[in-house]
Amino acid sequence: QATIKSTGKDPYPDWKPGEAVPYAALCTTFSLVELTTKRLQITAYCSAFLQQVMRLTPQDLLPTIQLMLNKLAADYAGIELGIGESLIMKAIGESSGRSLAVIKEDHKKIGDLGLVAAKSKSKQGQMFKPKSLTVRGVHQGLLDIAKMEGHGSQDQKVRAINKLMASADVSSTSKTVDIEKDKGGPSEAKFLVRFLEGKLRLGLAEKTVIIALAQAVVTHESAKKGKVPSTDKLAEGEAALKTVYSELPSYEVIIPAMLEHGISHLHETCKLQPGVPLKPMLAKPTKSITEVLDRFEGKDFTCEFKYDGERAQIHYVAPEAISEFPAAANTLSKDSKSFKGLAAIFSRNSEDLSKKYPDILEKLDKWIKPTTKSFVLDCETVAWDPQNKKVLPFQQLMTRKRKDVKTSDVTVKVCVFAFDMLFYNGEALVKKTLRERRELMHNALEPVEGELQFAQYGDAKDIEEIQHLLDDSVKASCEGLMVKMLDTEESGYEPSKRSRNWLKVKKDYLSGVGDSLDLVVLGAYHGKGKRTSWYGAFLLAAYSADTQNYETVCNIGTGFSEQLLEELHKELSEIVIERPKPFYSHSTTKNDQPDVWFEARYVWEVKTADLTLSPRYRAAIEEMGGKNGISLRFPRFIQRRDDKKPDEATSTSQVAEMYRKQEVVQKEQSGKAGVD
Ligand code: ATP
């Protein structure tokens, strides 16, 4: 465990027990974190600060964690700030008395709106001294901004940001911010603006915050008994919090419970339950059936069809069970017209999709057996052709409206294909084997053709049988197979993990790199010849969860129809930004620059022949030795992935893994060639 040197001085003499946590104290921690890349040191800074919060103002622990994570609430609450770059610039200008033109000029020069805000603040004289910002005040202020909607809300948002900005850096406005030397230091204005932009850019990944929180709680609990915790105790605390959080990803529930009952009792009070969506288990790609057999050799496994739709998690509580699940009453919708009890459908990133799929919710009652009182179901919603009774491609599903769908307007019907049950009648099932979970799922629900079906599966033992099932899945318009561990502990459900116990075998990718990639569009090049009115090629990036940067991986100009290019031009023109964001990692060579840059918003699925190293791109560059990034050779556009957010794009570590696997295969092949 890394430690922090103490100066012996109390840096926050104003922070008294029970009083609101000063926002300045959090920003000081942020600026310490910003100046290092060492994970242990980052964790130590955060943990020390959280210990202080627990000692003095434990009631502010929740908003402190939320501001550290750049999140105002859990994902399923659907709270988004909805603020673009131009609104932020307007607010910085108005709150500091500088013109928009000057702010834009600064932005061009400095490139980081946070630093522009810090500089603007440091130049500002102060007639009177407003009250300093507090963590809970900033959290509430931002929450209010997120909730502003409708006519005039943009102006309202600017005014509310101005109010926060006016109170920023009250105690340090006389200091000139040295942008070069200390990245703007602990300026509150800088971190406020970065929060508004949606990226604090501290390398403070969620897993680091969870570890820091666990360490802080364990240390604080031991300190109350006059002890220092052992390394084992700290590790136990971390493991406990990680497990609980993976099954119940809600700090709103976990933090108060932890403060009341202590970390060692967390698993008794905080359990998976309907109403709090968990992050789904994910699969590893494979390149050959032999790879599948190597992995599962000697174990029982099952091959399910891989349906090509949208991942969904359906939560349900029967009327008579509602009192057992307090969280459900807040998050699941009750629509007595169409179904009894409480229910909701969540996406793979825990967004509430109930307003997208009212037609599914309306049919729920038909499928639920009378003995079923509560469940969480893992499934795929797939476009369905009722005439021919077969599934339709993913693109059909994406044409459905995302919000406020009326059942009477639905033209693309969907069928739910259920493949896993995570909770049933008051009990979490994640530790049970897949065979047991599957059996409970079949007992709980009554399938109806074209509405709810169980994912088709077969038990294969050798290459021929798997190949046979793969062919059947393709005939049934599926993408391939999901091969899963069936018995033993290894077949438990692993929330949020891309696990070796689930392997995907896609029909198209048995050669090549094994899987397509989902990449974020960062920039574009103007078209030539026939394509002059649109963009002709695009710059794509993968996402690094560690650094929270988008790292460029290829240019792409193949796979687009003219109609699509026209549509993309319209869509992307709306998110053009003046210069790349500081969290874009790209080549700075003049010839490599795209003609326009975009906000990181859209994810596209892309296929590639193979991966190669190139000085022009930045994906996984650190892992590859710092000189060359990984890039895609002959990339081809497949489709938009509007069901994915940019930070759910293929990660740079997945790209690195694909690259390494390819290297191994190539070596094997050249070895064989030598022998032959
Ligand atoms: P892909 O682009 O291959 O869907 P992904 O990154 O969206 O990849 P993966 O975990 O890699 O997600 O692939 C598994 C996805 O396949 C699941 O997220 C789910 O949406 C879908 N799926 C379809 N049928 C099944 C099934 N029987 N079991 C599990 N997942 C399935």
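Hi everyone. Serine 374 has a relative accessible area of 1%, so it counts as buried. Please keep in mind throughout that this is a predicted model.

Let's stay with that serine for a moment. Serine 374 belongs to strand S5, which covers residues 374–385. A polar atom of its side chain lies 3.1 Å from the backbone nitrogen of glycine 426. If you step to asparagine 425, you are in the loop between strand S7 (413–424) and strand S8 (427–428). Asparagine 425 has a phi near 45°, a positive value in a residue that is not a glycine. Is asparagine 425 buried, exposed or partly exposed? With a relative accessible area of 31%, asparagine 425 is partly exposed.

There is another asparagine to show you with a positive phi. Asparagine 70 has a phi of about 60°, and it is not a glycine either. You'll find asparagine 70 in the loop between helix H3 (61–68) and helix H4 (85–96). Its relative accessible area is 17%, so asparagine 70 counts as buried.

Now, on to the ligand. How many residues surround the ligand? There are 18, and the closest are Arg311, Arg348, Glu380, Lys504 and Lys506. By class, that shell has 11 charged residues, 7 nonpolar ones and no polar ones.

Where do these residues come from? Four strands each supply at least two residues of the shell: S1 (282–285), S2 (301–306), S11 (480–485) and S12 (498–506). The largest share is from S12, with 4 residues.

An oxygen atom of the ligand lies 2.8 Å from an N or O atom in the side chain of arginine 311. The backbone takes part as well: a polar backbone atom of alanine 283 is 3.0 Å from a ligand oxygen, and a polar backbone atom of tyrosine 307 is 3.0 Å from a ligand nitrogen. As for cover, the ligand taken alone exposes 590 Å², and the protein buries 96% of that.

Next, the aromatic residues. The structure holds 22 aromatic pairs. One of them joins tyrosine 493 and tryptophan 502, with 6.0 Å from centre to centre and 80° between the planes, an edge-to-face arrangement. How accessible are the two partners? Tyrosine 493 is buried because its relative accessibility is 4%, and tryptophan 502 is buried too, with a relative accessible area of 3%.

Another pair is formed by tyrosine 535 and phenylalanine 538. Their ring centres are 6.3 Å apart and their planes stand at 80°, so this pair is edge-to-face. Tyrosine 535 has 4% relative accessibility and therefore counts as buried, while phenylalanine 538, at 0%, is buried as well. Both residues are members of one aromatic cluster that also takes in Phe560, Phe598, Trp604 and Phe637.

Lysine 484 lies over the face of tryptophan 502, at 3.9 Å from the ring centre. Elsewhere, lysine 199 lies over the face of phenylalanine 583, and there the distance to the ring centre is 5.7 Å.

Where is lysine 271? Lysine 271 is in the loop between helix H14 (266–269) and S1. At 47% relative accessibility, lysine 271 counts as partly exposed.

How values were computed: Residues are numbered from 1 along each chain as its sequence is written. This is a predicted model: local features need pLDDT of at least 70, side-chain atom pairs count only at pLDDT 80 or more; totals for chains, interfaces and linings use all residues. Side-chain values use heavy atoms; hydrogens and water are left out. A residue is near a molecule or strand if one of its heavy atoms lies within 4 Å of it. A polar contact is a pair of N or O atoms within 3.5 Å; within protein, one must be able to donate a hydrogen and the other to accept it, and residues adjacent in sequence count only if both atoms are side-chain atoms. Accessible areas come from the Shrake-Rupley method with a 1.4 Å probe; for residues, only the protein chains shown count as cover. Ala, Val, Leu, Ile, Met, Phe, Trp, Tyr, Cys and Pro count as nonpolar, Asp, Glu, Lys and Arg as charged, and the others, Gly among them, as polar. Rings of Phe, Tyr and Trp (its six-membered ring) pair if their centres lie within 6.5 Å; planes under 30 degrees apart count as stacked, over 60 as edge-to-face and the rest as tilted. Buried means under 20% relative accessible area, exposed over 50%, partly exposed in between (1.4 Å probe, protein chains only). A charge sits over a ring if NZ of Lys or CZ of Arg is within 6 Å of the ring centre and within 35 degrees of the ring normal.
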